Amino acid sequence: MIGKKLPQNLLSGLALGICVGAIILALFFAQYRWLAGELVNTSAAEHEVVLRESFERRFRAQLHQLADRLAVEGNPADTEKIAVLLNEMLADNPTLIGLRAAFDGANPVQTGNVPLASTSETVWLSNSITMSYPILRGEQAIGLLFGAFQLDALHAESAAFATDMANKEAHSRRISYLWIGLGTLATLVSYLLVVWFIARRQSVRVRALKMQAEKLRDADFGEPLLETRDDELGELASVFNDMRDRLRETTISRDYVNSILSGMNEAIIVTDNDGGIRRINRATTILLGFEEDELKGKPIESIVSRKNSAPLHTDGTSGVPQEAFFESKFGEIIPVSYTCSVVTGQDGKTRDRIYAAQNITERRRAEQRIRYLARIDPLTKIPNRMQFQHLLQRSIARARRAGKPLCLFYLDIDHFKEINDTFGHLAGDATLETVAERLTAALPENSVIGRLAGDEFAVLINGLGPEGTGRTETDRLARALLDRLADPFFVQGHEVFMTASLGIAFYPDDAANVIDLIRNADAALYSAKKSGGNVFASYVPQMNEAAIERLMTKSKLKRAFERDELLVHYQPKYNIVTGEIFGAEALVRWELPDRGLILPADFIPLAEETNLIIEIGEWVLDKVCEDFRIWQRSVSSPGRVSVNLSLKQLRQANFISRISAILRGHEVSPTSLELEITETTLMENPERTIRLLDQLYGLGLHLAIDDFGTGYSSLSALQQFPISTLKIDQSFVRDVATNPDDATLVGTIVQMGRNLNMDVVAEGVENEEQLSFLQRLDCTFVQGLLFGNPMSSDNYLQLLLDQVEGTNTHRALFA
């Protein structure tokens, strides 16, 4: 600002100086008129003036040279360099006592003593003179150089002259004192009045700035200050107003962010790079019971239950939700699902971390409930087939290590269908419950009971073998069980008589694994059934003729595939709200001349064993794409077609490229297809499966979990897969309208799928009661025999054409 315009107070001082100078000149004029003769004779005053002008010219020339050097060698931004140059200049010139460089837009740099360096005017002091010279770079002034020079030489020369004048001045000094005193008094009074006026005016403006600063401190932005651009305080007021506007915008943005954080349902915890908690939102207080002041500064690990979970993940790059246990203020252990985000500074280094956590207590309860319902038969409260096989596998492993046998009973109720038909399904359920209760009461404590199918039960007994007394004990126990089951019981006031048949197989004599042991026990049960029922039979190798048939079937299956004898049928899927066809599931069929149509459940396991499933899977996908292109010629949108995917297909190294090649070969959009994967396939190798599914999802393919509820996947694991559809297994849908436990399980799965933004498809819908129940649950799609048997490609195309023409007969079911 200095050099561009004079501050207002300096202008006032200059005017006052002119007035004072005029008064002093008038006083000295009167004095010198009285002393004119002596002053003219001695020329003392003229000598002093000439002498000063000479020294001033000499000093200004020196300052000019220094300013030119500083303009060439100095850099306004490098204050250290400027200081070095000033010190060198001061050392080279003995008459200099101080230098001060004031560049525009930079802090001044001074070396030595430069009195009164705040004005560009030449200032004469008793022992020094202070003057300034502009620092020019080219034609542009970039600042001022102030220099203070010694006046010893001037004083010496003046003293010599003054000695000569001393005697003459003695007489006039007494008279001059009076006039000078009067002039000085007048000058002081004038200056005091001007200073008071300036100080009062500046004080008012400074007080206004202070009041505005206090308001900003209290977040009260008030009214803007009055701006005057003629001095530094005016510019300060302008800067203050600009700061006020920016602070107001920043405060509004900060308050908006705070309101968002306070309104979020997720608990938000912000920590520094060392894990110290910096702030939390209201949801965190509700979740843990701590106020923000209680947690601020504490490490985040202080709220993590160390007994129940590992330290929190600090890597925010994956974005995959993790699970942990928090401990509330009251000691409650709370399961949470959380993500961590990293906030980096301008230097790229981590500054803060943001943890977003959700209370998953209810979700864990739902998981436990689903896990229970998926493993325990809801009617009899004993392990279902899947869980029983799991327990049998573990028992076989223990028996193998201990070198001990075990016995498997496979039990089936005789003529159970007659009880259902005579007394109804409620009576059949009561019968099954009675069987489970009687088996539990009659068996040894270390036995395991499971319900394998509708009226089929299995019993695992450790330690019983076919050798020695083991055979006798086994026969005795089998007979005791059949006799206990044959006791009459009452259903709906009616006495009911029930018998059962039982097959026996031993580990390791009859089989060394779960599948073979159950199969051989089932073969023994079949033999007992053929004997008329209410008897038991032990497995013998002659009962294994079915295994030979199985080998023959494998051979026939391979030949059938090579001869292109397999078929692809389509089971339509309907939108449960509109009744429109949404798409279809591709189902492979095998038709033998001597046996008729063979369902996938009978030959797909054989294909899995021989690795033929890989070729069949690719053939099915190729056939579906071929049919889809044919449909597109007649209808614009044939719907989305689902194709089952096997575990062995996923294990192929070139699986993704093979899928892509088939789609490109038929010019079918990947979005038109959906791949169905079972829970077991998903969890076989989760890390590799996630990578493969992400690649499939990246191609545009839709992904679905088939037979959901029968596997071991957890809900938290499902969130990591790019799944868009859940398919409820038909075993849960079968009794959904009559069995409260099945209804609860299906309702939980539907609700969970909706919460995860997934479509939910119910398989095996066979009657209108099931459809009505699923409609109330807001299930997305349904498929099953209620809408007809799986059909050929031509029949499915006709179904689509009927829908376009409005003649679809199945839409009335959804009204």
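**Ground rules**

I number residues from 1 along each chain as its sequence is written, and side-chain values use heavy atoms, with hydrogens and water left out. Since I read a predicted model, local features need pLDDT of at least 70 and side-chain atom pairs count only at pLDDT 80 or more, while totals for chains, interfaces and linings use all residues.

**Entry: the sheet that starts with E2**

I began with an open sheet of 5 strands, in the order E2-E1-E5-E4-E3 and with antiparallel pairing. Strands here are DSSP runs of E, at least two residues long, and helices are runs of H or I, at least four, numbered from the N terminus. Two strands pair if DSSP finds at least two bridges between them. The edges are E2 (109-112) and E3 (123-124), each of which pairs on one side only.

How many bridges join E1 to E5? I found 7, between residues 96-103 of E1 and residues 140-150 of E5, running antiparallel. Phe-103 has Gly-143 of E5 as its bridge partner. I also saw helix H4 (residues 79-92) lying across E1, E2 and E5, at about 155° to E1. Such angles run from 0 to 180 degrees between N-to-C directions, with axes fitted to C-alpha atoms, for helices over the stretch in contact.

**Entry: the sheet that starts with E12**

Next I traced an open sheet of 5 strands with mixed pairing, ordered E12-E13-E11-E16-E17. E12 (448-451) and E17 are the edge strands, pairing on one side only. The twist averages 20° from one strand to the next. E12 and E13 are antiparallel over 4 bridges, and Gly-450 stands opposite Ala-458 in E13.

Which helices did I find packed on this sheet? H13 touches E11, E13, E16 and E17, making about 155° with E16. H14 (residues 514-530) touches E11, E16 and E17, and its direction makes about 145° with that of E16. Touching means contact, that is, heavy atoms within 4.5 Å.

**Entry: helix H13**

I checked the length of H13 (residues 469-485): at 1.5 Å a residue its 17 residues should span 24 Å, and its end C-alpha atoms are 24 Å apart, which agrees. The expected span is 1.5 Å times one less than the number of residues.

Its buried residues (under 20% relative accessible area with a 1.4 Å probe, protein chains only) are Gly-470, Thr-474, Leu-477, Ala-478, Leu-481, Leu-482 and Leu-485. Seen down the axis of H13, they fall within an arc of 135°, so they line one face of the helix. The arc is taken from the directions from the helix axis to the C-beta atoms. On the other side, Thr-469 and Thr-472 are exposed, meaning over 50%. The cover over the buried residues of H13 includes H12 (425-442) and E13 (456-462).

**Entry: helix H10**

H10 (residues 385-402) has 18 residues and reaches 25 Å, close to the 26 Å expected. Among its buried residues I noted Met-386, Phe-388 and Leu-391. The buried residues of H10 pack against H9 (361-375), E11, E12, E13, E16 and H14. Gly-403 follows H10, with a positive phi near 70°.

**Entry: Arg-640**

Beyond its neighbours within four places in sequence, the contacts of Arg-640 include Lys-573, Phe-582, His-702 and Thr-725.
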